Amino acid sequence: MSVRLERHGDHVVELVMDRPEAMNALSTQQAKELIAAADELAADRGVRAVVLSSALPKAFCVGADLKERNSFSDSDLEDQRGIFRRCFGGLMQLPMPTIAAVEGFALGGGFELALCCDLILASETAVFGLPEIGVGVIPGGGGTQNLSRRVGLARAADVIFTGRRVSVDEGLDWGFVARRVSAGEAAAEAVALAEVVAGKSPVGARAAKRALHTGFDLPLGQGLDLEHEGWQDTAFSADRREGIAAFNEKRTPNWPG
């Protein structure tokens, strides 16, 4: 297995990529394992936050496994395409907050995997890039859409058209990196951040995620209507009642979820 789930307490799960012989280059099998992991997480109502990380100190993921593709027929490539779309889509559609913990190279599909998460927490060793047009294709794991939505069209075009690499500091300045940490600390810091998130209302966190992502491309009025729907979902929930009671009683909430 090149993917495993590690639990941290009751509500945080770390999804760890571990294919050291290929620096986590995304193969068909690894994509299938990521799909299965995402399906398991999506169905688990006890999970309140997810961290996507790598067991490798020098690479988060270096993109698609081009050695595997070297022997592909057109039919093989089309079959893999469907699997890859399910892989990236499954991560993007997780209902709970997600955090990518990036050490080392996050290139091509690796960068796209990180962009599937709500937050990217990266160490000072992190390097990002989308080099796909240099091998005759385009970013196909959401890179053209997710990066442009985070940093704007001009900066996304700069990265995609040139294939150049982006440092963690540049990513922080542009806004696709949420937090920068010391080398070797990305996974631990991401888990710590996930534990903070998991301590908040799970009903509230899921509703806020829906409003953020679904409303992003809507006209403002429609986005505000969507936000109102999320407010209604939370305002009349058991979580809201517990949150108010805990605040007034000066104690930690025990979220019904």
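Student: Which residues do ring pairs link into a cluster?

Tutor: This is a predicted model, in which local features need pLDDT of at least 70, side-chain atom pairs count only at pLDDT 80 or more, and totals for chains, interfaces and linings use all residues. Residues are numbered from 1 along each chain as its sequence is written, and side-chain values use heavy atoms, without hydrogens and water. Rings of Phe, Tyr and Trp (its six-membered ring) pair if their centres lie within 6.5 Å; planes under 30 degrees apart count as stacked, over 60 as edge-to-face and the rest as tilted. Ring pairs of this kind join F111, F128 and F176.

Student: How many aromatic pairs does a search of the whole structure find, and what is the angle between the planes of F128 and F176?

Tutor: The search finds five aromatic pairs. F128 and F176 form an edge-to-face pair, 5.1 Å centre to centre, with an angle between the planes of 85 degrees.

Student: Why is the pair of W231 and F236 edge-to-face?

Tutor: The ring centres of W231 and F236 are 5.9 Å apart. Their planes stand at 80 degrees, so the pair is edge-to-face.

Student: Are W231 and F236 buried or exposed?

Tutor: Buried means under 20% relative accessible area, exposed over 50%, and partly exposed in between (1.4 Å probe, protein chains only). F128 and F176 are both buried. W231 and F236 are both exposed.
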